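Please find below my notes on this model.

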Amino acid sequence: MMVNPADSTLPGALADATERALREAEIRLPQDVLAALTRAASAERNEIARQEFANILENIALAEERQVPICQDTGVPVIYLTLPPDVPFSPALFEGVREGVRRATATIPLRPNVVDPLTRENTGDNTGPGMPAIHIMPGDRLTVTVLPKGAGSENVSRIGMLLPSQAGEIKRFVAETILIAGGRPCPPVILGVGIGGTFDMAAALAKEALLLPVDTMDDYEQELCDAANALGIGPMGLGGDTTALSVKVKRAGCHTASLPVAVNVQCWACRRATVEVER
Amino acid sequence: MTDLVTPLGDEVLALRAGDTVTLSGTIYTARDEAHLRMMEEGIPFDPAGAAVYHCGPVVQGDRLVVAGPTTSARMNTLTGFLIDAGVRALIGKGGMGPEVVEQLRGRAVYLALTGGCAALAAARMSLKGVYFEDLGMAEAVWVIEADRLPLTVGIDAHGGDLFEVVRGKAKTQFHQQFNSKQDTVS
């Protein structure tokens with residue numbers, strides 16, 4: 001049997017890349033998110049909302065200057081790997097990512113957020129059974145993308161099994177999600193919307209939609225975004241023009257008798273970063 | 001702009017929802033677990049005139065790395081004993097429920113700090129001590145010295161609740177937008 005010499009170094013290289021990606025994501029927002037924030041800040045007319053935006057932009061600058069996380073809720077790590085054909089799908093991949101998360105937790109540092117769901121006992125290093133969530137897709141290069149997800153916005157995310165005749169109700173479902181959420185998810189938010197698939201796939205699509213660039217929207221996404229912003233909830237629920245910075249939609253085929261719709265709510269700190277694994 | 005300094009007194013009664021203030025002096029962090037512990041074992045600090053901050057910071061050694069506000073509504077049913085004991089200000093994000101608005105009446109205020117602004121908050125804070133450290137970093141009660149935290153009065157001591165005003169308008173707009181009846185939102 002052929003042994004790939006890269007196998008023994010792979011977990012270490014993947015751990016390094018995961019740690020680097022988490023550091024980048026936690027400290028510095030992606031350009032597309034910054035662009036969306038800056039544009040919304042200059043368009044905002046509500047005085048309290050303008051102050052909220054000023055605080056947000058000052059916070060982003062201070063995080064970079066002090067090299068500290070943008071938010072103290074450093075989230076739970078959600079990880080996406082792309083796997084080129086020559087890298088085997090193996091437990092080493094999972095161990096490498098988990099080690100990277102442990103290191104990042106100690107060095108950046110991150111708040112240990114992962115607990116047992118029932119006893120609430122904290123593992124101390126942001127790993128646990130099934131955590132970090134690791135999603136693997138085929139690709140040309142071996143890359144690790146991190147999407148640290150805070151709880152304030154995750155907790156107000158929703159899924160609805162609409163009727164096939166209710167495509168027109170999707171906009172209502174999205175706006176209703178924002179209405180129920182109010183100030184709790186730290187608006188201005190970004191909404192990842194998954195439409196179609198199955199119950200679980202809709203939620204996965206909604207989360208993947210948060211990886212898409214947020215500084216552009218197609219007409220449908222803009223329509224959903226306008227419906228959310230019409231509510232006037234504003235930054236932090238204190239009122240204003242901007243409740244949603246952007247809406248991103250991902251779709252999948254679904255059963256002729258189903259219309260699953262998931263809305264994954266993301267706070268303004270839409271933290272993500274991609275690093276290619278050196279090997 | 002009013003500059004508040006802890007321990008707080010009747011000056012908080014003059015504030016109105018929507019006012020901007022700064023707050024300086026000692027504040028105490030508390031989240032869900034700390035509230036439960038305090039209800040069981042008592043409040044480990046002097047609550048008279050105190051400000052309680054809904055926050056689970058990132059701490060490294062004796063360094064407060066980042067310390068933004070957490071979602072206050074999780075503490076809706078856990079807050080009354082603090083106000084009864086003399087706490088004059090709650091600091092957090094997202095606002096609180098109607099039971100807390102009533103508990104604050106004539107006694108204390110809710111101050112909103114911009115959610116996610118953890119680096120900004122930490123730049124105006126230093127760490128002084130800790131209670132209940134066994135609860136873990138996020139849930140322990142951290143004693144913090146604050147220097148001019150920028151805040152908005154979210155709920156005043158007269159029943160004024162900016163979050164509720166915004167929510168009410170949003171609800172009306174929602175039903176106009178979708179031609180639906182007022183009772184169809186969960």
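1. Chain A has a secondary structure of eight helices and eight strands (DSSP runs numbered from the N terminus: H or I of at least four residues for helices, E of at least two for strands). Its radius of gyration, taken over C-alpha atoms, is 19 Å, close to the 19 Å from the globule rule for 279 residues, so chain A is as compact as a globular protein of that length. The rule is 2.2 Å times the number of residues to the power 0.38.

2. This is a predicted model: local features need pLDDT of at least 70 and side-chain atom pairs pLDDT 80 or more, while totals for chains, interfaces and linings use all residues. Residues are numbered from 1 along each chain as its sequence is written, with chains lettered from A and ligands numbered from 1 in the order written.

3. Of the 279 residues in chain A, 51% are buried (20 or more other C-beta atoms, placed from the backbone, within 10 Å of the residue's own). Strand β5(A), residues 189–197, is mostly covered, with eight of its nine residues buried.

4. β5(A) pairs (at least two DSSP bridges) with β6(A), residues 244–254, in the parallel sense over nine bridges; V189(A) stands opposite A244(A) there. With β7(A), residues 259–266, β5(A) pairs in the antiparallel sense over six bridges, and G192(A) has N264(A) as its bridge partner.

5. At the interface, 44 residues of chain A are in contact with 44 residues of chain B (C-beta atoms, placed from the backbone, within 7 Å). α3(A) gives the most to the chain A side, with ten residues.

Key. Two residues are in contact if their C-beta atoms, placed from the backbone, lie within 7 Å. A residue is buried if 20 or more other C-beta atoms lie within 10 Å of its own, exposed if 12 or fewer, and partly exposed in between; C-beta atoms are placed from the backbone.
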